[in-house]
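Could you walk me through this protein in my viewer, one selection at a time? I am new to reading structures, so please tell me what to click and what I will find there.

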Amino acid sequence: MSNFKKDQKVNVKGTKTAPLPRPGKFVKTHPGVRGDFLEVLLDGSTQSQRFRPSQVTAA
């Protein structure tokens, strides 16, 4: 399980197309067979997205 708290500010690691880290709020952890996914609501977005734990860091 992740050690983030609900609504904690986090940064999502950027991609090749958008290298800057994106700020957001942690929603919840989704445990999965192939590892957990962390649900993050990115700032300025209405829809939360799931990311691998390696992509999410505390802000």
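Start by selecting Gly44, which sits in the hairpin of E3 and E4 and takes a positive phi near 80 degrees. Six residues lie between the two strands of this hairpin. Keep in mind as you look around that this is a predicted model.

Now colour the two strands on either side. E3 covers residues 37-42, and E4 covers residues 49-51. They run antiparallel and are joined by three bridges. To see where they face each other, pick Val40: Gln49 in E4 stands opposite.

E2 and E3 pair in the antiparallel sense, over six bridges. A further pair to click is Lys28 and its bridge partner in E3, Glu39.

Next, follow the chain from E2 to E3. These strands form a hairpin too, with six residues between them. Select Gly35 in the turn, and you will find a positive phi of about 110 degrees.

Let us move to E1, at residues 9-12. E1 runs antiparallel to E2, and four bridges join them. Click Val10, then Gly24, its bridge partner in E2.

Is Asp7 buried, partly exposed or exposed? Asp7 is partly exposed because its relative accessible area is 43%, and that lies between the limits of 20% for buried and 50% for exposed.

For the last stop, show the surface and select Lys6, Lys9, Lys25, Lys28 and Arg50 together. These residues gather in a patch of positive charge on the surface. Lys25 counts as partly exposed because its relative accessibility is 33%.

Definitions and conventions:
Residues numbered from 1 in each chain as written. Predicted model: local features only at pLDDT ≥ 70, side-chain atom pairs only at ≥ 80, totals over all residues. Heavy atoms only, no water. Patch = residues over 30% accessible without salt bridge, like charges linked within 9 Å, V, L, I, M, F, W, Y side chains within 5 Å. Areas by Shrake-Rupley, 256 points an atom, 1.4 Å probe, with all protein chains shown as cover. Salt bridge = Lys/Arg side-chain N within 4 Å of Asp/Glu carboxyl O. Lys, Arg positive; Asp, Glu negative; His and termini not counted. Charge placed at Lys NZ, Arg CZ, Asp CG, Glu CD. Buried < 20%, exposed > 50% of the residue type's maximum accessible area, 1.4 Å probe, protein only. Pairing = 2+ DSSP bridges.
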